[in-house]
Amino acid sequence: MTEETPGFEEKPDVPSGATPDGAEPKDVASSSEEEASPAGDAVQTVGLTAQLDQVRTALNERTGDLQRLQAEYQNYRRRVERDRATVKEIAVAGLLSELLPVLDDVGRAREHGELVGGFKSVAESLETVVAKLGLQQFGKEGEPFDPTIHEALMHSYAPDVTETTCVAILQPGYRIGERTIRPARVAVAEPQPGAAGKEEKATDEESGGTEEV
């Protein structure tokens, strides 16, 4: 019989390098963690990229809204400035229209040599003021008749004109910029009827008559 030593139990021999049952190898666990880490980083990167795209989209939308607001403001400001200038021009034109009879009297006095003394000084000051406000006089003898700026009060025929011409200025016209306050009132002359035919006949006679065929 074999004697057993009390307090000691025999354990099976475990080869060196073997892993006890129920225990996972350390190298297998570490490799699993290493494989899981890149996958988590990729998911996190995709999420950050999506958030960044959303922020960029929102920024582009806000930038577009701001640009539209700036364009609308610029258009509004230009429209207000244009309306302000138009209102000012209309107001000045209304005031100067009331002064036109006075300017006509000054012009007639100058033509008759009556613009002397203190009256001359006042008249010249008035003309200077209205000129600073943009009032311009127009209408000259000999210029072609233009119905948009001339008003014909007298009509005649003349042999020395080739088109309808202003031969006398009865009242000068006035404008402010492109706005006509009063058309120039004029006497016009037209070419005599048949004058063009006579000129053509005279030209034919000077050229040597008919040409032989």
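Analyst: Two strands count as paired if DSSP finds at least two bridges between them. In this predicted model, E151 in strand β2 (residues 150-158) has R185 as its bridge partner in β6.

User: What makes β3 and β6 a pair?

Analyst: Five bridges lie between them, in the antiparallel sense; with a threshold of at least two, β3 and β6 therefore count as paired. A168 stands opposite A187 of β6.

User: Why do β2 and β3 stand at the edges of the sheet?

Analyst: The open sheet of three strands has the order β2-β6-β3, and its pairing is mixed. β2 and β3 each have a single partner strand, so one side of each is left without a neighbour in the sheet. Direction ignored, neighbouring strands here are turned by 25° against each other on average.

User: What is the strand order of the open sheet with antiparallel pairing, and what puts β1 and β5 at its edges?

Analyst: The order is β1-β4-β5, again an open sheet of three strands. β1 (135-138) and β5 (179-182) have a single partner strand each, so one side of each is without a neighbour in the sheet.

User: What joins β4 and β5, and what lies between them?

Analyst: Three bridges join them in the antiparallel sense, which also meets the cut-off of at least two, so β4 and β5 pair. Y174 stands opposite R182 in β5. The two strands form a hairpin with two residues between them, and G177 in the turn has a positive phi of about 65°.

User: How do you know that the span of α2 agrees with its 16 residues?

Analyst: At 1.5 Å a residue, 16 residues should span 22 Å, and the end C-alpha atoms of α2 are 23 Å apart, which agrees. The expected figure is 1.5 Å times one less than the number of residues. Just after α2, G134 takes a positive phi of about 100°.

User: What makes up the lining of the largest pocket?

Analyst: The pocket holds about 450 Å³ of space. Its lining has 19 residues, and L103, G107, Q137, P172 and Y174 are the closest to its centre. The elements giving two or more residues are α1 (26-111), α2 (117-132), β1 and β3 (165-171); α1 has the largest share, with seven. By class, the lining residues divide into nine nonpolar, five polar and five charged. Gly counts as polar here.

User: How many helices and strands are there, and what pattern does the chain follow?

Analyst: The chain has three helices and six strands. Along the sequence they come as α-α-β-β-β-β-β-β-α.

User: What share of the chain counts as buried?

Analyst: The share is 15% of the 213 residues. To be counted, a residue must have under 20% relative accessible area.

Technical notes
Residues numbered from 1 in each chain as written. Predicted model: local features only at pLDDT ≥ 70, side-chain atom pairs only at ≥ 80, totals over all residues. Heavy atoms only, no water. Helix = DSSP H or I, 4+ residues; strand = E, 2+ residues; numbered from the N terminus. 1 Å grid on protein atoms, 1.4 Å probe; cavity = no way out; pocket = protein on both sides within 12 Å on 5 of 7 lines; lining within 4 Å. Points joined across faces, edges and corners; volume = space filled by probe spheres on them. Buried < 20%, exposed > 50% of the residue type's maximum accessible area, 1.4 Å probe, protein only. Axes fitted to C-alpha atoms, helices over the stretch in contact; angles between N-to-C directions.
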